[in-house]
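Here is my note on the model you asked about. The points are numbered and can be read in any order.

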Amino acid sequence: MTELAEVDPLVTETADRLFTQVCDHEAVQTAEAVGTAPEIWSAFAETGFPWISIDETCGGSGGTLLDALEVLRLVGYHAAPIPAAETGILGGWLLADAGHEIPEGPVTVLPNGATDVKGSLSGQEVTLTGTCIRVPWARMAERIAVLLEIDGQNMVASVDPNDCVIHTMTNMAGEPRDTVCFDNVKAPASSASEANPETFRFRGALSRSALMAGAIEKMSQLTVTYTNDRVQFGRPVARFQAVQQHLVWGAQEAALARMAAETAAREANRGLASFEIAAAKLITNQAAARATKACHQAHGAMGMTQEYPLHHYSRRLWAWRKEYGGDAEWSRWLGKAAVAQGAEGLYPLITGGSSVLS
Amino acid sequence: MRFTPTELTNKELELQQQVREFLQEELPSGSHEPCLGMAARKDKAFSLKMAERGWVGMALPKEWGGSDRTAVDRFIVVEEMLRWGAPVGHHWVADRQTGNVILKFGTEEQRERFLPEICRGELGFSIGMSEPDSGSDLASVSTKAERTTDGWIVNGTKIWTSGAHENDWFVCLLRTSPMEDGNKHAGLSQILIDLKSPGLEISPIPFLDGSHHFNEVTFNEVFVPDINVVGDVGMGWHQNTTEMAYERGGPDRWLSPFSTVEQLLREAKGTDLEQTISDLFGELVARWWGIRNLSLSVARLIDTGEAPSIESSLVKEMGTRYEQEVVEKLVHLIDLEYSPDSDSLFERLLAQCVVTFPGNTIRGGTIEILRSVASKGLKGLPA
């Protein structure tokens, strides 16, 4: 087996510095009110980060999937209101996989696949009809990468959103999740190479676990700071055993989520990682539930206000928990894999992961 | 605080394979009555066999009979033993902590006297911390050791002493000078006491299911020679705190219900139950995978010379709660009236888990104490 790659520390440092500058509490709040954050997007795009892991020959920035996921972790950590996953490892990946040109602006994808869209092919052009809901940032996208199966062949169409009707909608965090109507929309399409509904689903889950790991960590850190600053009964509330419980639970879930997301990222960067991705999404989903509960409780009423930033993270986590597979979907997938191993194979699966399944 | 992902090297995977083959040969899967984690049966013959392979005291130096192996190597051996439900009770305490303490703080003479025997799997140790009036507030211990010409006279009582009725030696935290105002951590020492010493009395404190693990050990003018003091007189608290770091965050804190879960899958095979448990097994393997990765990264950190006490407290607190959660999920999902005398091994194990696992979040430091240790360490984090 090849050695696991490491994250380029320069990526971490640069992305963290960038988001610290442009994504403060107010900027994130404004983005929610306005519906998009063009200046944050421009600052992000200028660094080339959106296209990490997309081949330079296809118009990407090169670099590893691991680095791309590290950027996503920091997007989650700073609640950056931009279509980073959609433009890069999801939409950018789909377009590049089918040999389409990577546009200069943001890209989005249909998160639930093209199940609600019908396509017919004529030469190199596809005609699409149907309606898709919860499409991230469709309102600001330059292209929608549509993965669909036509006559048993996985195809990727590169759709101009100006040809569609877009209804602006949001998720629980106020992030754009638009409804896109395709009414005989024509777009260039070509055959996919690696991309299919399954690989796309796993990539989506991988992107969300990285985002979620970042958001949980930030939430846990906010909670430690807040409870050490907040004085009641003459001392910081962090000194009370009942509050310490919440601090510890938040920190544990942050550690567990990050470990799971990073391990899945490393394995995906190396090759087959279906077990690790499934486990990471399930773990981050459940960690989101436990950590939001603990961190909100430790913050008291302050955490329930818009003026304090906790909600940027907790609301995103509640939304992301259901994107690209909730708890039930991934428990089911993992459960089938576990039961198929049988009693003797159960522990080797926990220690060996995907290498045992392949 | 940082848990860095790590993976086993090819050499470490070879060790894992060797341990699996050893266990398959000694205790063929499906044919032995598994133990539930570290509260395992004492089986000296088994401990001797493990020691022959170099798997007891393996992280101790070769000079003292050890194998100079890493914390990760020890993690691999312990992990495989526990998930198999192997009877590791005899050498458990010596292997996990006492060997380390003697190596780190003991005299040359003590190392020579105890370490080779520990590594041969011969010696069983008990730990003397709690007393009738000192539990979580451990620094308040009052069992006294008073100086005589060539040693110490010990008086007092230790409780919850696992295995004192079967073990050879007792590592005790004793008060060697009176409690000072404002500094209760001073004046404590760690002393090795022969469990066969005259004046030392051992009486059972039956466990809630009637089994015998716990004891009360009373000292009535027990003489202990000077050479049995571990480290410096008065440094017991510091040594004890260091020792606790060895016993936290390892596989013994999250693997206790594994053989029960594995046995369920074995018995469910081909029945309707297999479908019922499938989704739950998905959840269990995911969380076990995650916690294992955290725990493994703590072992890796120890090998770089760090003392990850916050990290290991976090893992222990989470791991032991998880052990209880697993049992609760099994009880919730499976409609069986399980009992300790059932024909089904799974039901017997589950009954044992239900009755004994409340202790998992208490032993070796309650989770409340762990939270207080860990949350103080979280304070320095950036935000």
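**Notes on the two chains**

1. Start with helix α5 of chain B, residues 108-119. This helix has 12 residues. From its first C-alpha to its last, α5(B) reaches 16 Å, close to the 16 Å expected at 1.5 Å a residue. Please keep in mind throughout that this is a predicted model.

2. Which residues of α5(B) are buried? They are B:F114, B:L115, B:I118 and B:C119. These residues cover an arc of only 125° around the axis, so they sit on the same side of α5(B). The cover over the buried residues of α5(B) includes α2 (44-52) and α4 (92-105) of chain B. Just after α5(B) comes B:G121, which takes a positive phi of about 80°.

3. Next, the strands of chain B. Strand β7 (residues 214-225) pairs with strand β3 (residues 151-158) in the antiparallel sense, over seven bridges. In that pairing B:G156 stands opposite B:F219 of β7(B). Strand β7(B) is also joined to strand β6 (residues 200-205) of chain B. Six bridges make that link, and the two strands run antiparallel. There, B:S203 has B:E216 of β7(B) as its bridge partner. In general, side chains in a regular strand alternate between the two faces of the sheet.

4. Now a backbone point in chain B. B:W160 is not a glycine, yet its phi is positive, about 60°. Most residues other than glycine have a negative phi. B:W160 is found in the loop between β3 and β4 (169-175) of chain B. Is B:W160 buried or exposed? B:W160 counts as buried, because it has 21 C-beta neighbours inside 10 Å, and the cut-off for buried is 20 or more.

5. A:Y324 is a residue other than glycine with a positive phi, near 50°. Where is A:Y324 found? A:Y324 is in the loop between α9 (310-320) and α10 (327-352) of chain A. A:Y324 is buried, because 23 other C-beta atoms lie within 10 Å.

6. Look also at A:I52. A:I52 lies in the loop between α3 (38-46) and α4 (65-77) of chain A. Why is A:I52 classed as buried? A:I52 is buried because 27 other C-beta atoms lie within 10 Å. Leaving out residues up to four places away in sequence, A:I52 touches A:S61, A:G63, A:D67, A:A68, A:V71 and A:G88. A:I52 and A:R258 are 206 residues apart in sequence. In space, A:I52 and A:R258 are 20 Å apart, C-alpha to C-alpha.

7. Then the contact between the chains. The contact takes 41 residues from chain A and 39 residues from chain B. On the side of chain B that touches chain A, at least two residues each come from α7 (258-268), α8 (273-303), α9 (309-333) and α11 (367-378) of chain B. Which helix gives the largest share of that side? The helix is α8(B), with 16 residues. By class, the side of chain B that touches chain A has 18 nonpolar, seven polar and 14 charged residues.

8. Chain A as a whole. Chain A has 11 helices and nine strands. Its radius of gyration is 21 Å, close to the 21 Å that the globule rule gives for 358 residues, so chain A is as compact as a globular protein of that length. The C-alpha trace of chain A spans about 75 × 55 × 35 Å along its principal axes. Of the 358 residues in chain A, 57% are buried. Among contacts in chain A between residues at least 6 apart in sequence, 72% join residues at least 24 apart.

9. Chain B as a whole. Chain B has 11 helices and eight strands. Its radius of gyration is 21 Å, which agrees with the value near 21 Å for a compact globule with 383 residues. Along the principal axes, the C-alpha atoms of chain B fill a box of roughly 70 × 45 × 45 Å. Buried residues make up 51% of the 383 residues of chain B. Of the contacts in chain B with a separation of 6 or more, 74% are between residues 24 or more positions apart.

Terms used:
Residues are numbered from 1 along each chain as its sequence is written. Chains are lettered from A and ligands numbered from 1 in the order in which they are written. Two strands pair if DSSP finds at least two bridges between them. Helices (H or I, at least four residues) and strands (E, at least two) are DSSP runs, numbered from the N terminus. A residue is buried if 20 or more other C-beta atoms lie within 10 Å of its own, exposed if 12 or fewer, and partly exposed in between; C-beta atoms are placed from the backbone. Two residues are in contact if their C-beta atoms, placed from the backbone, lie within 7 Å. Ala, Val, Leu, Ile, Met, Phe, Trp, Tyr, Cys and Pro count as nonpolar, Asp, Glu, Lys and Arg as charged, and the others, Gly among them, as polar. The expected span of a helix is 1.5 Å times one less than its number of residues. The arc is that of the directions from the helix axis to the C-beta atoms. The radius of gyration is taken over C-alpha atoms; the globule rule is 2.2 Å times the number of residues to the power 0.38.
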